[in-house]
Each structure stands twice: as structure tokens, then as C-alpha cells.
Amino acid sequence: MFPGNLLSIEDLSVPAMDEIFERAAYYKAKDRGANFTALKGKNIVLSFWEPSTRTRVSFELAARKLGGNVIDLRPDQNSEKKGESLEDTVRTLGSLGANALVYRHKVPGLFGKIAGLVDFPLINGGEGCYQHPTQALLDIFTLKEAGVVLSGLEVVMAGDILHSRVARSHFLALPAYGARMTLVGPPAFLPPELVPPGMGYSYSLDDVLPRGDVLYLLRVQTERHRRLFSSSAEYAAMYGLNEKRLAALKEKTFVMHPGPVNLGVELSRGALHVLEKVYPEKILIQKQVQNGVYVRMAVLDLVISGRMMA
Ligand code: CP
């Protein structure tokens, strides 16, 4: 397999993640007025078989800010429609001079199987319910930027754990830095066999809410399942962050969400309003989005130059 792929957080050691964060901080600090050239002459193909706003746009911005050429290969318009296999598509991109392919796909493990066929890096921009490594990286970068010490940090992750690639990337990334995770959600979203060894879990948000230094809300992914709870209102009542639950958070708890947020389900409009107007330092959701650009600049730079550590 090409050594520089980023398919999973498993591909990254802590020093490798630290190097990405250092590079991202450099790009963020120098962004205004800078003329970066790390990807000058490089062709970065973006191909997203599943919908995306944040990841796709931030990868495109990241590549452009570094001087790269961005090729948007739209799956609804490529030759797959004429019977071309994914292997053939990826090999063809190599022949055309691709220097990296950033992909999103619903089938877990598909790109891992074809990674050995090409000699340019594949970068996972979200894979089914399996992995979303750059989301975990940008989340940790955002926490570090907020001054959070990860060792001993208590992260309460609430919601649709079952269908979450973000959760599965964090199962590897946060504990690697010494953070502790408690998972919470309705039983249908949190089968005990999914919980990594040593990780806590609960079916009551109110029981675990007061222990979190970070409350990480996950989107209910209704596109991946038939409704597994009786109504959005019932979910919101049991697992949504509302104004009443805001009062149960520790004074310095940070609130995160990978987006897009189902407003009124995982997070009430009232709670969002209070967080934005009264405690803007606690809500990191827009910072996560903004930092996605810098973390993805770092990833593209290190992966395409072949300098990313194992
Ligand atoms: N967090 C995230 O992956 O968002 P998008 O689906 O909009 O890319």
C-alpha cells in the first residue's frame, strides 16, 4: 500500500498528529496575506460520493490556499455511469497526473482495498460509518487551541454513536492523548458491543452530563437508518442539549458538534442562542469548521510531500 495514505486515525501516531497540528497552527497564523506554494503544480482530486459541505469545501479551500490545482470529480458525472469500476477510475486518475485523491464514500473499507493499486495518496474525507480522520484531527486541534489539556479530559459524546464515523475516529484519537470518553445515547444507537474496552457508557444524558469537560453532540443520521426512536421531540427531550441542561454543565464545559446540526434535535435553538450570546467561549462549533481548513492544509501538505510521519 502507498505509505502516505490517510484512511484512518490508525495510520497516525501521536507524533504524526502533533506534526499535523503544528503545521496547521503555522498555516493559521500566516494565513492573512500569505502566498503559500506547497502544492504548486500538484493536482488534488476531490470526489465525494456522499453529500458534504464542510469537508469538501474546506479541502478545496485548503488545496487552493496552498497553490494546488483542484479537480472536482463528481460521481454523478463520471464514467461509473458507463460501467467503469472504482479501481479503473482511481488508476485513470493516476495516469492523468493526480497527486492525491480526497474521497467520501458510503462503503467502509472500499478505498483501503484499492489503495495498493496506485502510487499517489488517498485521503479519507468520511467513509460510511467507519472513519472520518480529518474531523477528529480538527476537533483535537480546536480543543488544543482553546487551551484544553487533553490528558485526563472527560469527553461526554452524545447521540447516534452507532452510525458515527466521527465517533469511531475519536475512539482512537482522544484516548491516544489520554482523554477519557463516556458515550451516551438511546440503546438503539449505543449497542454495548460497540463501546471500546475501558470506555464508559450510559443511556441517560442527565446522569453523565455533569462530568464532562467537553460535551460532543453527534448528529442523528436519519439517512442511514429507519427511525430508531419514536420522534425527534422524544430524542430532544432525552438526549438534546437544551437550556435546562446547559445549567447542569460544568462551568467551563465546551460544546462541540461535527455538523451539520439538526437544530431542535441534538441542540435546541434556545440553548444555541444562550451559548452564542452569553457563553460564546464555550461553543466551538464554528471554530471547528474554520479550523478544518488549516488542518486539511497541513494534511494535504504533509501527505502529498511524503513527509507525513507514520
Ligand atoms: N462534519 C462533516 O463531515 O460535515 P460535512 O458532511 O458537511 O462535510
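Let's start at a helix end. Ser164 caps the N-terminal end of helix H6, with a side-chain oxygen 3.2 Å from the backbone nitrogen of Val166. Helices here are DSSP runs of H or I with at least four residues, numbered from the N terminus.

A quick word on the model. It is predicted, so local features need pLDDT of at least 70 and side-chain atom pairs count only at pLDDT 80 or more, while totals for chains, interfaces and linings use all residues. Residues are numbered from 1 along each chain as its sequence is written, and side-chain values use heavy atoms, leaving out hydrogens and water.

Back to H6. It runs over residues 165-176. At 1.5 Å a residue, its 12 residues should span 16 Å, and the end C-alpha atoms are 17 Å apart, which agrees. That expected span is 1.5 Å times one less than the number of residues.

Is H6 mostly covered or mostly open? Mostly covered: nine of its 12 residues are buried. Buried means under 20% relative accessible area, exposed means over 50%, and partly exposed is in between, with a 1.4 Å probe and protein chains only. Among the buried ones are Val166, His170, Phe171 and Leu174. After H6 comes Gly178, with a positive phi near 90°.

Next, Ser8. It sits in the segment before helix H1 (14-30). Ser8 has a relative accessible area of 3%, so it is buried. Its side chain reaches the backbone nitrogen of Glu10 at 2.9 Å. The Ser8 side chain also makes a polar contact with the side chain of Gln131, at 3.3 Å. A polar contact is a pair of N or O atoms within 3.5 Å; within protein, one must be able to donate a hydrogen and the other to accept it, and residues adjacent in sequence count only if both atoms are side-chain atoms.

Now Arg307, in the segment after helix H11 (285-305). Its relative accessibility is 44%, so Arg307 counts as partly exposed. The Arg307 side chain makes a polar contact with the side chain of Ser305, at 3.1 Å. Which residue 303 places away along the chain has its C-alpha 8.3 Å from that of Arg307? That is Gly4.

Last, the ligand. One of its oxygen atoms is 2.8 Å from a polar backbone atom of Thr53. A ligand nitrogen is 2.8 Å from a polar backbone atom of Pro258, and a ligand nitrogen is 3.3 Å from one of Gly259. The protein covers 92% of the 250 Å² of accessible area that the ligand has on its own. Those areas come from the Shrake-Rupley method with a 1.4 Å probe; for residues, only the protein chains shown count as cover.

Terms used
Helices (H or I, at least four residues) and strands (E, at least two) are DSSP runs, numbered from the N terminus.
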